[in-house]
Amino acid sequence: MLKVFEIVDDDDKNRNFAALFFTMRTKSLKQNKINVITLGCSKNVYDSEVLMGQLRANGKEVTHEAPEKEEGNIIVINTCGFIDNAKEESVNTILRYADKKDRGLVDKVFVTGCLSERYRPDLEKEIPNIDQYFGTTELPLLLKALGADYKHELLGERLTTTPKNYAYLKIAEGCDRPCSFCAIPIMRGKHVSQPIEKLVKEAEGLARDGVKELILIAQDLTYYGLDLYKKRNLAELLEALAKIDGIEWIRLHYAFPTGFPMDVLELMRREPKICNYLDIPLQHISDKILKSMRRGTTYAKTIQLLKDFRAAVPGMAIRTTLIVGYPGETEEDFQILKDWVQDMRFERLGCFAYSHEENTHAYLLEDDVPAEVKQQRANEIMEMQSQISWELNQEKIGQVFKCVIDRKEGNHFVGRTEFDSPDVDNEVLIDAAKYYLKTGEFVNIKITDATEFDLYGEPA
């Protein structure tokens, strides 16, 4: 059962009726403007971009997360339902816009995405004044409710919301893995790969629009191609994408460790367009916990896999994520995890407290690690990683890296190396008072200083 959290709204609810009536009248005179709100991961960002592309092609005025005064009169909320914090944020966002609809500040509110897919009956019962709820595979129905038609000829086209130099490319949907803690198969279904020809066409369109970096995303990159081509075909896809003029970087996100196609590493080593970077969520290292998590691997196999990665592509950056506080995780299991993190010295690492998700296999287990212990363990891992990151960044001082400039923020131009993905990894800060750089361009930057998560540099 989904918990609906009470929203706290500071607006004055005792506003003058005449003013409210005037607001409603003036809104009714405007052309419908659709504001898409995206919550959750990059895969949701991609889905919102596809929705917006379809709406724009239908002649609809559409915007993405516009400020309140410009947000329009029709709201579409693309929700996340992965873990408790994400669900709470999604529910509170729905409640906020349901309240705005009650007060005449917006005309219609639609909800789509993972939370809606997973909890639609609960949401319809608890928050009934939403116009309609849609699941993750109901884009044509959502478009119809918005007065638009699904245009098949727009396959692969979308309205990107990221900075102009990079875009996400979703190469597959869903997941066939049996991980005990994960609700993604419930919300996204079985793994479905997109054909190479379709992805190349989509990437070519992005390149024509000025995109220089493709970030490949899926619930599981490792599985790519097994359903379509009866083999793991990620390397063949990468070779095809690397041939596209204008694309300079191709980055891999969300690979599963079991069955990883090792020919990808050989391609990464010889093809300069493939970033020496891999996001591979490992989740834990204790054999007991890995078995209960149904990860299909062991301590020894994981250690060997990482050694093979480092040997095949020296200097590659590995990003991973971990879960602490999983049912049955003892202090001994946690100590094994800490020792391993210290030994591996991952370039990038995130750590999350376990969330007990209904309808998952792990939900049958007792959630026996107290919340405060989960958070304490997560904090310990991240403190260790902060020190590791600082030490690794100090080694970069004096080196020169090819960087892409994403944006200007305050007194700095903000860029990234090939070892850093947007929003989650290190950024390179260049003094805008001393140097002028073009956003979206690649520049060689010499690193002059470093903190735990930021590098400082100047054009080389």
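In these legends, a helix is a DSSP run (H or I) of at least four residues, and helices are numbered from the N terminus. Keep in mind that the whole model is predicted.

**View 1. The second largest pocket and the helix that lines it.** Let's start with an open space in the protein: the second largest pocket has a volume of about 730 Å³. Of the 32 residues lining this pocket, D47, V50, T136, L139 and K170 come closest to its centre. Look for α2, α5 (139-145), α7 (196-208), β4 and β7 (172-173), the elements that each give two or more residues to the lining. Which of them gives the most to the lining? That's α2, with 7 residues.

View 2. Trace the strands in the order β2-β1-β3-β4-β5, and you'll go through an open sheet with parallel pairing. At its edges sit β2 and β5 (132-133), each of which pairs on one side only. Now zoom in on strand β1 (residues 33-38) and β3, which run parallel and are joined by 5 bridges. Within that pair, I34 stands opposite I74 in β3. Helix α4 (residues 114-126) packs on this sheet and touches β3, β4 (108-113) and β5. The direction of α4 makes about 125° with that of β4.

**View 3. A six-stranded open sheet, from β6 to β13****.** What is the order of the strands here? Read across and you get β6-β9-β10-β11-β12-β13, with parallel pairing. Find β6 (166-170) and β13 (348-353) at the edges: each has a single partner strand, so one side of each has no neighbour in the sheet. On average, neighbouring strands of this sheet are turned by 20° against each other, ignoring direction. In the sheet, strand β10 (residues 249-252) and strand β11 (residues 274-279) run parallel, with 2 bridges between them. One spot to look for is I250, which stands opposite I274 in β11. Helix α10 (residues 263-270) packs on the sheet by touching β10 and β11, and its direction makes about 140° with that of β11. Another helix, α13 (residues 331-344), lies across β12 (317-324) and β13, running at about 165° to β12.

**View 4. F309 inside the largest nonpolar core****.** This core has 60 residues, and the ones with the most contacts inside it are I171, L216, L241, F309 and W340. Helix α9 (residues 234-242) gives the most to the core, with 7 residues. Let's zoom in on F309, which lies in helix α12 (residues 299-312). Is F309 buried or exposed? Its relative accessible area is 0%, and buried means under 20%, so F309 is buried. Leaving aside neighbours within four places in sequence, F309 is in contact with F260, M262, L265, L278, I280, M316 and I318. Take M262 as an example: M262 and F309 are 47 residues apart in sequence, yet their C-alpha atoms are 8.5 Å apart in space. There's also another core that lies apart from this one; it has 19 residues, among them W249, I405, F419 and I445.

**View 5. Strand β18 between two pairing partners, β16 and β17****.** Strand β18 (residues 454-459) runs parallel to β16, with 4 bridges joining the two. In that pairing, look for I430, which stands opposite G457 in β18. With strand β17 (residues 442-450), β18 pairs in the antiparallel sense over 5 bridges. Here A450 stands opposite L455 in β18. How many residues lie between β17 and β18 in their hairpin? There are 3.

View 6. Most residues other than glycine have a negative phi. You'll find E65 in the loop between β2 (61-64) and β3 (74-79). At 39% relative accessibility, E65 counts as partly exposed. D423 lies in the loop between β15 (412-417) and β16 (427-431). With 69% relative accessibility, D423 is above the 50% cut-off and so counts as exposed.

Notes. Residues numbered from 1 in each chain as written. Predicted model: local features only at pLDDT ≥ 70, side-chain atom pairs only at ≥ 80, totals over all residues. Heavy atoms only, no water. Buried < 20%, exposed > 50% of the residue type's maximum accessible area, 1.4 Å probe, protein only. Pairing = 2+ DSSP bridges. Contact = heavy atoms within 4.5 Å. Axes fitted to C-alpha atoms, helices over the stretch in contact; angles between N-to-C directions. Core = buried A, V, L, I, M, F, W, Y, C linked by side-chain atoms within 4.5 Å. 1 Å grid on protein atoms, 1.4 Å probe; cavity = no way out; pocket = protein on both sides within 12 Å on 5 of 7 lines; lining within 4 Å. Points joined across faces, edges and corners; volume = space filled by probe spheres on them.
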